Amino acid sequence: MSKKINSLEDLRKLRAEKEKLTSPREGDNIQVIVGMGTCGIAAGARDAMLALLDEINKKNLKVNVTQTGCIGMCEKEPLIDVIVPGKSRITYGNVTADVAKNIVSQHLANGQIVQQNVVGKIEE
């Protein structure tokens, strides 16, 4: 049930609550985007995403993980994009659960790109 807003102060409190919910998406956190189109799911994207989330939680990293659909490189699925503020956007392909864990350990935790799985790079 939604709260009834009776005053300007109620509105400010509601705004502050909602900003807390959305601020991690807009902050300086690392972003990871997992391709979850039907081609990605068929190629194992769910396993890769679960491994990715598990490893991020184990390492207690501040990473925003989102999903997207197919981007047209179905032969390289599962695909994962890593966006580190101030760095190039890296697209990884053929990401298995083990590769996802390796990406978390090397790229997200230590800033080292996992070169053998890179299929694309967009310069900042």
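Student: Why does Asn117 count as buried?

Tutor: Buried means under 20% relative accessible area, exposed over 50%, and partly exposed in between, using a 1.4 Å probe and protein chains only. Asn117 has 12% relative accessibility, so it counts as buried. Before we go on, keep in mind that this is a predicted model, where local features need pLDDT of at least 70, side-chain atom pairs count only at pLDDT 80 or more, and totals for chains, interfaces and linings use all residues. Residues are numbered from 1 along each chain as its sequence is written, and side-chain values use heavy atoms, with hydrogens and water left out.

Student: Where does Asn117 lie, and which residues is it in contact with?

Tutor: Asn117 lies in the loop between H4 and strand E5 (118–122). Helices (H or I, at least four residues) and strands (E, at least two) are DSSP runs, numbered from the N terminus. Contact means heavy atoms within 4.5 Å. Leaving aside neighbours within four places in sequence, Asn117 is in contact with Thr91, Tyr92, Gly93, Asn94 and Val99.

Student: Why point out a positive phi?

Tutor: Because most residues other than glycine have a negative phi, and most peptide bonds are trans. Asn60 also has a phi near 55 degrees, and this residue lies in the loop between H3 and E2. As for the peptide bonds, the one from Glu77 to Pro78 is cis, with omega near -5 degrees. Pro78 is found in the loop between strand E2 (63–68) and E3.

Student: Why is Asn60 called exposed?

Tutor: Set its 69% relative accessibility against the cut-off of over 50%, and Asn60 counts as exposed.

Student: How do you know whether His107 is buried or exposed?

Tutor: With 6% relative accessibility, which is under 20%, His107 counts as buried. His107 has its place in helix H4 (residues 97–110). Among its contacts, leaving aside neighbours within four places in sequence, are Val82, Val84, Ile90 and Tyr92.

Student: What is in the largest nonpolar core?

Tutor: A nonpolar core is a set of buried Ala, Val, Leu, Ile, Met, Phe, Trp, Tyr and Cys residues joined through side-chain atoms within 4.5 Å. The largest one has 23 residues, and those with the most contacts inside it are Val32, Leu52, Val82, Val95 and Leu108. Strand E1 (30–35), helix H3 (45–59), strand E3 (80–83), strand E4 (89–92) and H4 each supply at least two residues of this core. Its largest share, 6 residues, comes from H3. In soluble globular proteins, nonpolar side chains tend to be buried together.

Student: How is the protein built up from helices and strands?

Tutor: There are 4 helices and 5 strands, and from the N terminus on they run α-β-α-α-β-β-β-α-β.

Student: Why is the protein called more spread out than a compact globule?

Tutor: The radius of gyration is taken over C-alpha atoms, and the globule rule is 2.2 Å times the number of residues to the power 0.38. For 124 residues the rule gives 14 Å, while the protein has 17 Å, well over that value, so it is more spread out than a compact globule. Along its principal axes, the C-alpha trace spans about 55 × 30 × 30 Å.
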